[in-house]
Amino acid sequence: MRRRSAPFVAATATVAALSLTGCIPTLARDEPTPTLGVEPTGAGRPMQQAALESALPTSGEIGDSWRADDDGATSRAEVEHFDPTHCAQLARTGPGWDEVADTEQARAEAAYAQEGSSTTDFVSVSIASHGSIAPDELYDKAGDAVADCGSFRLRHDKETWLEYQTSPLSFPVLGDRTLAYRFTFEAPTDNGPRTVRLDIVTIKLGHNSVSVSQVSMDDPPDPTVTERAVRTTITRLEQQ
């Protein structure tokens, strides 16, 4: 069973928080935003904890070579972890997002690791349900932040900041809002720095959001794995 090195865990813990809270640069939509005052149905309706947990994909649905990863990082990035601080929009943290977070009713998360790969790959899936619907303007600001935050620093520990590059990520249009981008950074490991790429996709579905991230060292993440995880999660939400 492959285990992450301690330096890699530390380097990716805060980044994992970005994927679990959502964010993104490329905005797209294939359905109109729900009409104000009309409650969303299906995958967009408010859901309880049990329903969200049932919607999480199995490791087999992520891919044949993937397994559940109990070591998945669940830390949260805060505004003060970013330099400049306005790049915290990439983590859906700060004014506006904090108010939406206060209405969170349920959240379910799962992490997966790839078996037998020459590089270390991890996938995280997070589903959140809120009492209020996040305004489209907040997603627009998160998307705009990519242009302003093509390069920024994120706190690694009390004394260390890591340099990040952000780039838009092409992804199919799903839900009310589709957000997708990639982080690239050099992570400290026992054998020296290694290039880490983190792909993040967040889908807004009425009261709910689905966030999927894939972390890969050295080689770029496999986009088919990310898309399969997103589509599977949405399908399972629709079945609840």
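**Entry 1: helix 6.** I looked up what lies over the buried residues of helix 6, and the cover includes helix 2 (49-55), helix 3 (59-62), strand 1, strand 4, strand 8 and strand 9. The model is predicted. The buried residues in helix 6 are Val 225, Thr 226, Ala 229, Val 230, Thr 232, Thr 233, Ile 234, Arg 236 and Leu 237.

I then checked the length of helix 6. At 1.5 Å a residue, its 16 residues should span 22 Å, and the end C-alpha atoms are 23 Å apart, which agrees.

Entry 2: In what order do the nine strands of the open sheet run? I read the order as 1-3-4-9-8-7-6-5-2, with antiparallel pairing. Strand 1 (66-68) and strand 2 (82-83) are at the edges with a single partner strand each, so one side of each has no neighbour in the sheet.

I followed one pair in detail. Strand 7 (residues 177-187) and strand 8 (residues 194-205) run antiparallel and are joined by eleven bridges. Phe 183 has Leu 198 in strand 8 as its bridge partner.

**Entry 3: helices on the sheet.** Helix 5 (residues 136-148) lies across strand 6 (161-168), strand 7, strand 8 and strand 9 (208-217), and runs at about 35° to strand 7. Helix 6 (residues 223-238) also packs on the sheet, where it touches strand 1, strand 4 (121-130), strand 8 and strand 9. The direction of helix 6 makes about 155° with that of strand 9.

**Entry 4: cores.** Which residues have the most contacts inside the largest nonpolar core? I find Val 123, Val 230 and Leu 237, in a core of 28 residues. At least two residues each come from helix 2, strand 3 (104-114), strand 4, strand 8, strand 9 and helix 6. Helix 6 gives the most, with five residues.

I listed the contacts of Val 230, leaving aside neighbours within four places in sequence: Phe 171, Leu 174, Val 201, Ile 203 and Val 212. Another core, of 21 residues, lies apart from the largest one; among its members are Leu 162, Tyr 181, Ala 187 and Met 217.

**Entry 5: confidence.** The chain has a mean pLDDT of 80, with 78% of its residues at 70 or more. Residues 1-17 have pLDDT below 50, and this stretch makes 51 contacts in the model beyond near neighbours in sequence. Residues 19-35 are also below 50, with 75 such contacts. Where pLDDT is low, predicted coordinates should not be read in detail.

Technical notes
Residues numbered from 1 in each chain as written. Predicted model: local features only at pLDDT ≥ 70, side-chain atom pairs only at ≥ 80, totals over all residues. Heavy atoms only, no water. pLDDT = per-residue confidence, 0-100. Contact = heavy atoms within 4.5 Å. Pairing = 2+ DSSP bridges. Helix = DSSP H or I, 4+ residues; strand = E, 2+ residues; numbered from the N terminus. Axes fitted to C-alpha atoms, helices over the stretch in contact; angles between N-to-C directions. Expected span 1.5 Å × (residues − 1). Buried < 20%, exposed > 50% of the residue type's maximum accessible area, 1.4 Å probe, protein only. Core = buried A, V, L, I, M, F, W, Y, C linked by side-chain atoms within 4.5 Å.
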